[in-house]
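Me: I am new to this structure and would like to go through it slowly, one question at a time. Please show it first.

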Amino acid sequence: MRSTFRVLFFLKRDKQKANGNVPLFCRITIDKQEARFGMKQDVNPSIWDVKAGKAIGRTSEVVEINSIIDKTKSSLFNVYNDLLLSDASVTAEKVKNYFLGGATKTHNLLEQFIRHNEDVEKLIGISKSKATYQKYEVTRKHLADFIKEKYNLSDISFKEINHLFIMDFEVYLLTTCGCNANTTAKFMQFFKRIVIIAKNNGWIKADPFANYKIRLKKVDRGYLTQEEVEAIMAKEFSTKRLEQVRDIFVFSCFCGLAYIDVKKLRKENIRTSFDGNLWIMGKREKTDVSFSIPLLDIPKQILEKYEGILPDNRILPVPSNQKMNAYLKEIGDLCEINKEISFHLARHTFATLTLSKGVSIESVSKMLGHTNIKTTQIYARITDAKISHDMNAFAGKVKGMSEKMAVNQ
């Protein structure tokens, strides 16, 4: 049976100092047996909340005191749980001695997450992208907020992470954070990677994710039809900003580059390749994977339109992603296209149109800079136009068979 474990912080008012401050003490209680020790911290009684067991207010002094309390409480809980795994008899005095003597080393989730993210940040531009670092950071912040809200702690030991903790965090992401199912699944993947590090280092024996399955729902990626792309291309706009955004969007519809990769394009990215033709060459910001895409006539004409008029060897006047998407929504309305148009839709459109026109999935995957062809298969939808084209070709091949059948009759 699990012991009743309590930690309380209080002021030892009979030891008041000359300046009026009082020493802060901690009391550990396990099954009604107590152990206490001084925190080596003095507190002004006027800022102390006896019921809450912490300082109140917003001054830097209050923040520092409460931070010490939170860290001490978290460490004591970690010591207690570590002792439960290795010692049949856990007493308040034993927890106190282990804590003060540092006899046990605990490994905490957020502490390790911070260390991991610092390493990822150092690798930006080498083997990691800024986007990957940001996703890890957002995951860490969600976990920190969850631990604070659920357990009122600033950190938690890896040994405290179990199936219930994982399920509760999933619910927190879906409800409090308002994340959709796939965004939640992505955060859980980043969380799991940190837990795997802990297991590989021997900080935990069992994998708490063993009975938890991360499920990503298949999403039908939107795209524009050839007719819709042509409508956007043919539309005349009254403002230069819409015209420029249209040009950049159409450019991506014919090369499949993501927003950040289009924004980073410079003159040196347009090169003559082995076949004597111009190609777009570079590395994806997201994955650092190389891409090589033949420069078709339409995107070539767009580049020629802006040639020599932009600074820093830029080849397209790309605004911020936020402005780009806002203007694209306006363009969609003006062109009477009843779809949610964002810049990334151009990449989906390129993938769908090339596959539907018979370009091999291997070639499309290479041009998109995908690291796994399964990612490209998401776009391998069968459109009605593709079915019609394929069946017409098949009809031509079996035409002779129907004629022979008529003769035999």
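Me: Are Tyr 136 and Phe 190 buried or exposed?
Reply: The model is predicted, so local features need pLDDT of at least 70 and side-chain atom pairs count only at pLDDT 80 or more, while totals for chains, interfaces and linings use all residues. Residues are numbered from 1 along each chain as its sequence is written, and side-chain values use heavy atoms, with hydrogens and water left out. Buried means under 20% relative accessible area, exposed means over 50%, and partly exposed lies in between, with a 1.4 Å probe and protein chains only. By that scale, Tyr 136 and Phe 190 are both buried.

Me: How many aromatic pairs does the count come to?
Reply: Rings of Phe, Tyr and Trp (its six-membered ring) pair if their centres lie within 6.5 Å; planes under 30 degrees apart count as stacked, over 60 as edge-to-face and the rest as tilted. By this rule, the number of aromatic pairs is 20.

Me: What kind of pair do the rings of Tyr 136 and Phe 190 make?
Reply: Helices (H or I, at least four residues) and strands (E, at least two) are DSSP runs numbered from the N terminus. Tyr 136 lies in helix 4 (residues 130-151) and Phe 190 in helix 6, so their pair ties together parts that are 54 residues apart in sequence. Because the ring centres of Tyr 136 and Phe 190 are 4.5 Å apart and the planes stand at 75°, the pair is edge-to-face.

Me: Which aromatic residues form one cluster with Phe 191 and Phe 209?
Reply: The rings of Phe 191 and Phe 209 have centres 5.2 Å apart and planes at 75°, so this pair is edge-to-face. The pair links distant parts of the chain, 18 residues apart, with Phe 191 in helix 6 and Phe 209 in the loop between helix 6 and helix 7 (226-234). Phe 191 counts as buried at 0% relative accessibility, and Phe 209 is buried with a relative accessible area of 2%. The aromatic cluster that holds Phe 191 and Phe 209 also takes in Phe 146, Tyr 151, Phe 165, Phe 169, Tyr 172 and Tyr 212.

Me: How many salt bridges does the structure hold?
Reply: Side chains of opposite charge can pair when their charged atoms come close. A salt bridge is a side-chain nitrogen of Lys or Arg within 4 Å of a carboxyl oxygen of Asp or Glu. Counted in this way, the salt bridges number 18.

Me: How far apart are the closest N and O atoms of Glu 137 and Arg 140?
Reply: Because Glu 137 and Arg 140 are 3 residues apart in helix 4, about one helical turn separates them. Both Glu 137 and Arg 140 are buried. In the salt bridge that Glu 137 forms with Arg 140, the distance between the closest N and O atoms is 2.9 Å.

Me: Which residues does the network with Asp 247 and Lys 305 join?
Reply: The side chains of Lys 305 and Asp 247 meet in a salt bridge (2.7 Å, N to O). This pair links distant parts of the chain, 58 residues apart, with Lys 305 in helix 10 and Asp 247 in helix 8 (residues 240-253). Lys 305 is partly exposed, with a relative accessible area of 40%, whereas Asp 247 is buried at 5%. Through salt bridges that share partners, one network joins Asp 247 and Lys 305 with Glu 243 and Arg 246.

Me: Is Asp 14 buried or exposed?
Reply: Asp 14 meets Lys 12 in a salt bridge between their side chains (3.8 Å, N to O). Lys 12 counts as partly exposed at 23% relative accessibility. With a relative accessible area of 58%, Asp 14 is exposed.

Me: Where is Lys 32 found?
Reply: Most residues other than glycine have a negative phi. Lys 32, however, has a positive phi near 70° without being a glycine, and at 77% relative accessibility Lys 32 counts as exposed. Its place is the loop between strand 2 (22-30) and strand 3 (33-43).

Me: What is the phi of Asp 312?
Reply: Asp 312 lies in the loop between helix 10 (297-306) and helix 11 (321-334), and at 61% relative accessibility Asp 312 counts as exposed. Although Asp 312 is not a glycine, its phi is positive, at about 60°.
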